[in-house]
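This report covers the pocket and cavity spaces of the model shown below.

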Amino acid sequence: MTAGRCHLCGKYELMPFTCKFCGGRFCAEHRLPENHDCPGLADYRRKLRAEGRLFDNVHEYADVAMERSVGGVVGWFRFASHNTALALLLIICVVFLLEHIPWVFKALVLLPGAVVERPWTIVTYMFLHAGFTHLFFNGMFMFFFGPELERRIGSLRFLLIFFLSGVVAAVGHMLTSDVGIVGASGALYGVFAALAMIAPHIRIYVYFIPMQITHALILFALVDFFMMGSGDAIAHIAHLSGLVVGLVAGYHLRKSRRGLRY
């Protein structure tokens, strides 16, 4: 930096200060923008105010903060309305954390012998899971296949297939067992089956083996069919019941072709 005179008072300085707003060179007394009526500072403040980063008073700040908060909430709901599958997955994860509270689990679990007294559990059981592994596999299923089906048929029809498959899965289980049931597997089987009917050309990986989605669906159905009555902790009838709903829904959607996106 070379020596020079202050642009305001003319004082000679060996090392004058250069204002970053207006570019002028000033002495120590006038180096601050406020001390030399810096025109660049006013322009900078107008720019910040226009961008919503500078406020004249606390009331203006509160108004802008409220507007941004409301806008953020509206934006989230707008995102969720077009990404229902991911929103459901988020809710399932939150409920998984809450279900460790004993009364929460008891209030949401589906018990065949108590469904008349607690009819809401025919829906809420889908949001519970029997452990992290159960949640992980169902979550992966929802993450990969849920948005793909929703993109093709729309959010409303996706929700209808998901919940109808889950309810029918619960009914199928209750007709054959008196054991309680948790998990979104039946609903997800419906989602998977509907996607397979609408887009049979999709190729997926099952345990790292590539195959068409229709072949994977047949494989899953055969496994559940032959495992019925095995006494394991998996509700195979519920899986197959949800799968039937997805097949029927996917067949009718593919036949009508109304509102489908490929």
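How many cavities of 30 Å³ or more does a search of the whole structure find? The search finds 1. The model is predicted, with local features needing pLDDT of at least 70 and side-chain atom pairs counting only at pLDDT 80 or more, while totals for chains, interfaces and linings use all residues. Residues are numbered from 1 along each chain as its sequence is written, and side-chain values use heavy atoms, without hydrogens and water.

On a 1 Å grid over the protein atoms alone, a cavity is a set of points where a 1.4 Å probe fits but cannot get out; a pocket is an open set with protein on both sides within 12 Å along at least five of seven lines; lining residues have an atom within 4 Å of a point. Points are joined across faces, edges and corners, and a volume is the space filled by probe spheres set on them.

| Space | Volume | Largest share of lining |
|---|---|---|
| Largest pocket | About 1600 Å³ | H6, 9 residues |
| Largest cavity | About 30 Å³ | H6, 3 residues |

Of the 45 residues lining the largest pocket, Phe-137, Asn-138, Ser-185, Tyr-189 and His-239 are the closest to its centre. Elements giving two or more residues to this lining include helix H6 (132–153) and helix H10 (236–256); helices (H or I, at least four residues) are DSSP runs, numbered from the N terminus. The pocket lining has 28 nonpolar, 15 polar and 2 charged residues.

The largest cavity is lined by residues including Leu-89, His-129, Asn-138 and Met-142. Helix H3 (84–98) and H6 each give two or more residues to that lining.

Definitions and conventions: Ala, Val, Leu, Ile, Met, Phe, Trp, Tyr, Cys and Pro count as nonpolar, Asp, Glu, Lys and Arg as charged, and the others, Gly among them, as polar.
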